[in-house]
Amino acid sequence: MANDIILETESLSKHWGGIKALNNISLQFHDRQLHGVVGPNGAGKSTLLNMLCGTLQPTSGCIFHKGEQIEGMKPWKFVRRGIGRSFQKTNIYADVTCLENCAVAAQRRFTGSFNLFASRHSNKLVREAAEKALHQVGLESRIHTIAAEISYGEQRQLELAMVLATDPCILLLDEPMAGMGHEESQRIIELLNELKQSYCIVLVEHDMDAIFELSDQLTVLDNGTHLITGTVDEVRNEPLVKEAYLGKEDDEEEAA
Amino acid sequence: MIFEKRTERIFLAIFFTIALCIPLFLEANSFFVGKVTTILILAVFVMSLDFLVGRVGLVTLGHALFYGLGGYLFVILTPEYEAVNFWVYAFYILGLNALIALVIGAVVLRTSGIYFIMITLAISQMAYYYFFDSLEFGGNDGLFIFMKPETSIFGLSFLNLDNPTHFYYLALLAVLVTLLAIKVILRSRFGRIVEASRLNPERTEALGYNIFAFRLISYVIGSTLAAYAGLLFALQYGYVNPQFMTWEMSGTALVMAILGGMGTIYGAILGTITYEGLLYLFEHMTQDWMLLMGSAIILMVLLLRKGLAGYLEKLLEK
């Protein structure tokens, strides 16, 4: 079962006018694997993620989820299919508690979001699911703290907890470790190692050590094009990759 | 407890105690009872707007459209010289108004931010000019209500709408029901997603919610409460005209909501009373009352960033 293709893109492209943010990307994401996506700044990693979760419409190409074509659907429909995402820039409800943040995420799984009368605190299942997600990422001590008051690293953890609370089968994670201290990122790496036993994870990350440690499959993007996909060792020995990272860095900065 | 804040509970306790007793002192002076009734009706309208603007995050400048519709629908639907049942017709009118709000909401909610303000303003101005120019709806003069409805429930009648004191209690009941309805909705599971959509729409959509649907339902609720206020106002004075729907009406209500403390709901009551109180005071002081009114509002908005409710909370919350 571990090699089931759960998410697939076919000749996926995104053009902004004449600029090709992504060009002809065909990738396969497998269930219960962690698929790392790396590339220099402006390579199109976030663009890819944004299209995989439906917030960005591809210019051309297709996205298949479990064999069904899903591009062009509304973003919330992607989530209902089990495609959850975290954001590169921390994107939480800053004014409410961590528990409430996860409760919003969890509530959709249980009926009654259109219930105008029942108190929001009356559904035990929602609360339990929210607490479980906070436990998973190690935020159990922050349950009743206002989200704006926890540290940046903890907010990143909360971001992840919110995705988990939606009960996804695919996790699209956009730099979950950005700006984290060593201990905190170690904790996330452990968590991701655990999660990839049961989820398909697409991970965009700048921390190379972490990506090499975690990835089952690794894709390298450069300037909107697909350089290579393979195991960590295959990618490491690929001369094109070295060139993208070392040889052309000056051009990339100019482009950015 | 749906009233979470101490300030809120204290204010509402004082407000309803005084409000219940007012007719006892003013019984002889039906002008004042009428004046206070109007303030209560306005408070319903302002609360419905505060719900949309402060809690759902929909800044509308066309809310008065539904205030006017509440009045117009009554006159259009009821026979001219026959006392209809108030509750039955209120139900019809609000139902019809909800349908209209659903259609308008489905259009205007496709926009957001400044465009939402413009399109709601445009639609309410369209309605204003339509009624202003229409011969069958009385044009600028509007329409008159010759017979006030009777209010019996299962043959029992407690309220006589020709009696100002009775009408006053009907308006007070409307304030109470509106307040409770909005508070219950905000505390509900639906309210959780509405709140989330206001705080962070992008995130809420990324969690799998169709925020359009949540906003549309909220819009219909807010508009229907506004129509109820408009219906009461039309019945109190016995007429409805295009002035109900002007953008000044929407704008004034917005000022009252801001004055009271945006999004606090009970602040809308506070804001309406304060605004109307100041207006009454200044009108009787000088001919240049507009100048005083404007200065007073600017001062209050500058000094009380979170409105009167925010100021009270600073004093009372620990």
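Two strands pair if DSSP finds at least two bridges between them. Helices here are DSSP runs of H or I with at least four residues, strands are runs of E with at least two, and both are numbered from the N terminus.

Housekeeping next. I am looking at a predicted model, where local features need pLDDT of at least 70, side-chain atom pairs count only at pLDDT 80 or more, and totals for chains, interfaces and linings use all residues. Residues are numbered from 1 along each chain as its sequence is written, with chains lettered from A and ligands numbered from 1 in the order in which they are written.

**Entry: strand β8 of chain A**

I started with the pairing and found β7(A) and β8(A) joined in the parallel sense by five bridges. Ile170(A) has Cys200(A) in β8(A) as its bridge partner. From β7(A) the chain goes through helix α6 (residues 182-195) of chain A to β8(A), a right-handed β-α-β crossover. Right-handed means that, with the strands pointing away from the viewer, the path from the first strand over the helix to the second runs clockwise.

I then checked β3 (residues 34-38) of chain A, which runs parallel to β8(A) with four bridges between them. There, Leu34(A) sits opposite Ile201(A).

Is β8(A) buried or exposed? Five of its five residues (200-204) are buried, so the strand is largely enclosed by the rest of the structure. I call a residue buried if 20 or more other C-beta atoms, placed from the backbone, lie within 10 Å of its own. Cys200(A), Val202(A) and Val204(A) point one way, while Ile201(A) and Leu203(A) point the other.

**Entry: helix α5 of chain A**

I looked up α5(A), residues 152-165, and got 20 Å from first C-alpha to last, close to the 20 Å expected at 1.5 Å a residue. That expected span is 1.5 Å times one less than the number of residues. Of its 14 residues, 12 are buried, including Leu158(A), Leu160(A) and Met162(A). The buried ones pack against β6 (83-85), α3 (98-107), α4 (124-136) and β7 (170-174) of chain A. After the helix comes Asp167(A), with a positive phi near 60 degrees.

**Entry: where the chains touch**

I count residues as in contact if their C-beta atoms, placed from the backbone, lie within 7 Å. Chain A brings 26 residues to the contact and chain B brings 20. On the side of chain A, α2 (75-80) and α3 each give two or more residues, and α2(A) has the largest share with four.

**Entry: chain B**

I found 13 helices and two strands in chain B. Buried residues are 46% of its 318.

Note on methods. Two residues are in contact if their C-beta atoms, placed from the backbone, lie within 7 Å.
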